[in-house]
Amino acid sequence: MPHADLPLTARALSERHALPPDDQLRETLHNEVHARPPARIRLPALVVYVAVLNDGISREQECEHLRKLPGQANLSVASLGNNFLRLRFASHTLKWERHTEFTRYSLVQSLPEGALQGIDEDVLMASLRIDPAWLAAIPGQTVAAIMLAMVHGDAEDPATIKSLSAPWFDDRPTLASLLGLRRACAISDFRLRDSGFERMMVIAPTNTSELRAGRTSQRLLELETYRLMALRGLPVAKTLAPELSKAEAELAEITAHLEQTHIPDQTLLTELIGLAARIERATSQHMYRFSATMAYYALVQQRIEQLRENPIPGTQTLGEFLQRRVAPAIATVESTAQRLSGLSQRIERASGLLRTRVDIATEAQNQMLLAQLTKGQALQLRLQTTVEGLSIAAISYYVVSLVLYVGKAAKGAGLPINPEILAGGMIPVVLLMVWWGTRRIHKALHSEDGKH
């Protein structure tokens, strides 16, 4: 049998770990599904939720702020390593969650007395289990702040819904939906109060479990947070729209000028490079925001679907309201992103056309230079032929002169020779020999050029 010679403990350990070595990310990825468990909320309860942008805010700064809570002076940065922390106190809990662009703080406490009787905003803030000054000092910039009241009640009785929600929303018009299989009712007016908070309410049957209440609150709070994060791309798109319109007009003008030969290529190239640089800068600055907008909007749609809303007669559902209000903004962002991407592609095509035009002009210039060079070479060849003829005559002259001197020397030595007749007779011979020698040199040079 395998491992028969091992002790029982070692054999059991070996059988328990009968797997190849773990990937270094296996445990982290496996436990990701447990990283942010939903809260268990006992009704009636008040959830105070604040989401802040964490750009430039370190985990150490957030940990330092959490240490200011009672009994948390020894809180370590390592405890925030999983981007999730739940602090439990005697009468409340505080949940901290850090995401890519924002950090969420969720306080869950019992519903203050008189909260459903329309108490003053200042009185409500004073009844929080956490000092409002601590909330105001959270590092970052607020992107969402919600007070969610969760109470027991008949979610399908319009009279109950109205009587419970009217004081909480100061008798303002509200939106409401039945969630799931008519288990709860979610209500909101999507309006900011003087305190900076907006309000929501969940009315749930008495048999609603604490876990279900926690999941419901989490979905509603995430829905509103992701809605606001998705809309962060809208101001960017509106600001960028005039610049895109101007850039499109400039590109159209440059493209039209490509058909005209009287405008220098360097001028068009300078204009096109400047336009391409502006669009590339805009792309690098804003494309992430546009991509994030689409990702957050997908989460908004997902949370709306997870709520499984059912309409209440005479009242618009939360999901329907958000879709109608958010969808046009998202369409604007998506359209702007497409315009930016399309403009970049059109500039690239215009650059290709301009390069083709420059290449054609360069080709024509090269052909002209080649023709001039060929003409010069022909002239040089004729000149060289003339020079070679003169060279043959000169060399022959010097050779005949030497023959004349030789003849004179021989005559002086007593030989019967007429130097002038000798020199005159040698002229044809010398010319022929010099011409033949020049031809031999030409053939030798041409043969060497052919080899190379």
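In strand β7, A184 is the bridge partner of L179. The model is predicted: local features need pLDDT of at least 70, side-chain atom pairs count only at pLDDT 80 or more, and totals for chains, interfaces and linings use all residues. Residues are numbered from 1 along each chain as its sequence is written, and side-chain values use heavy atoms, without hydrogens and water.

**Sheet**
- Strand β6 (residues 175-179) pairs with strand β7 (residues 184-192) in the antiparallel sense over five bridges; pairing requires at least two DSSP bridges between two strands.
- Nine strands make up an open, mixed sheet, ordered β2-β3-β4-β1-β5-β8-β7-β6-β9.
- β2 (84-88) and β9 (309-311) are the edge strands; each has a single partner strand, so one side of each lacks a neighbour in the sheet.
- From one strand to the next, the twist averages 20°.

**Helices on the sheet**
- Helix α6 (residues 158-168) packs on the sheet and touches β1 (45-53), β5 (141-152), β7 and β8 (198-204).
- The direction of α6 makes about 160° with that of β8; axes are lines fitted to C-alpha atoms, for helices over the stretch in contact, and angles run from 0 to 180 degrees between N-to-C directions.
- Helix α7 (residues 210-230) lies across β1, β4 (102-110), β5, β6, β7 and β8. It runs at about 150° to β5.

**Whole chain**
- The chain has 11 helices and nine strands, taken as DSSP runs (helices H or I, at least four residues; strands E, at least two) and numbered from the N terminus.
- Of its 452 residues, 38% count as buried, meaning under 20% relative accessible area with a 1.4 Å probe, protein chains only.
- Among contacts (heavy atoms within 4.5 Å) between residues at least 6 apart in sequence, 70% join residues at least 24 apart.

Notes. Buried means under 20% relative accessible area, exposed over 50%, partly exposed in between (1.4 Å probe, protein chains only).
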